[in-house]
Amino acid sequence: MAGRAGFERALWRRDGSALRLQQRGAGGVGSVVWDAALVLAKCLERGALGLPLPRRTALELGAGTGAVGIMAATLGADVTVTDLEELQDLLNVNIEKNKHLVTGSVQAKVLKWGEDVKEFLPAPDYILMADCIYYEESLEPLLKTLKDLSGPDTCIICCYEQRTMGKNPEIERKYFELLQMDFESEKVPLEKHDEEYRSEDIHILNIRRKKNKFPIVRSLAMLSDPLERRE
């Protein structure tokens, strides 16, 4: 399943159409279609996650080629695919290549993890992530962005490939240690993944903010003098 750089990748859909995803030989990890993106995109298409996509808002973090977000847009979601400035051209190329399949909407925007997210609020219904857990220095900015973007009803779908080489196990351990401070997660069983696009070492998590992690906002009436409210 691994994507190779420098050519157009076809991701076939169940109706016989295909997403056409341009890749680049240069540009870093975001310029190719990774296996976790294929697994998540096909799982969304299969509908196994039980997530209604038509007329829902979705934001993809670390979108790279845009495979996951564009797939969600073909399923009726209104999607914003986000990544660094240097990947905006590639994202827009792939949006243009697949616009005839989109039944919702899709746009590309710059979003650097850890920075201000006001332009992306209110919170989307879904946050989509595929293979975003790889640099130790990016973990805290990523989690800050997840906290800033998510509301009490936001569902975060995180797909990642479990890697055993080098520092990867330690990076994953630290990510989940930090994650559980503010979020709770549930693993999607392998049998719910697409029949063809699945692997024992690629996992999908359903993540939500812990209910007690949202600030309590009191109305002005509640803050007024209790004696005045007795009248």
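I take a residue as buried when its relative accessible area is under 20%. The model I am reading is predicted.

**Entry 1: Phe183**

I looked up Phe183 and found it in strand β8. Its relative accessibility is 3%, so I count Phe183 as buried. I then listed its contacts, leaving aside neighbours within four places in sequence: Leu146, Lys147, Ser150, Ile156, Ile207, Arg208, Arg209 and Lys210. For one of these, Ile156, I checked the C-alpha separation from Phe183, which is 9.8 Å across 27 residues of chain.

**Entry 2: helix α4**

Leu146 took me to α4, whose buried residues I noted as Leu139, Leu142, Leu143, Thr145, Leu146 and Leu149. Viewed down the axis of α4, these buried residues lie within an arc of 155°, so they line one face of the helix. I looked up what they pack against and found α5 together with the strands β3 (57–61), β6 (126–130), β7 (155–161) and β8 (183–187).

**Entry 3: α4 against α5**

I record a helix pair by the angle between the axes and the distance between them. For α4 (residues 139–149) and α5 (residues 168–179) I have an angle of about 30° and axes 10 Å apart. The crossing of α4 past α5 is right-handed. From α4 the contact takes in Leu139, Glu140, Leu142, Leu143 and Leu146, and from α5 Ile171, Lys174, Tyr175, Leu178 and Leu179. I sorted the residues of this contact into eight nonpolar, two charged and no polar.

**Entry 4: backbone in the loops**

Arg55 has a positive phi, near 65°, and sits in the loop between α1 (35–46) and β3. Its relative accessible area is 71%, so I put Arg55 down as exposed. Asp131 also has a positive phi, near 55°, and I placed it in the loop between β6 and α4. At 9% relative accessibility, I count Asp131 as buried. Between Leu121 and Pro122 I found a cis peptide bond, with omega about 10°. Pro122 belongs to the loop between β5 (105–110) and β6.

**Entry 5: the whole protein**

I logged six helices and nine strands. Of the 231 residues, 47% count as buried.

Technical notes:
Residues numbered from 1 in each chain as written. Predicted model: local features only at pLDDT ≥ 70, side-chain atom pairs only at ≥ 80, totals over all residues. Heavy atoms only, no water. Axes fitted to C-alpha atoms, helices over the stretch in contact; angles between N-to-C directions. Helix = DSSP H or I, 4+ residues; strand = E, 2+ residues; numbered from the N terminus. Left-handed = near helix turned anticlockwise from the far one by under 90°. Contact = heavy atoms within 4.5 Å. Nonpolar A, V, L, I, M, F, W, Y, C, P; charged D, E, K, R; others polar. Buried < 20%, exposed > 50% of the residue type's maximum accessible area, 1.4 Å probe, protein only. Arc of directions from axis to C-beta.
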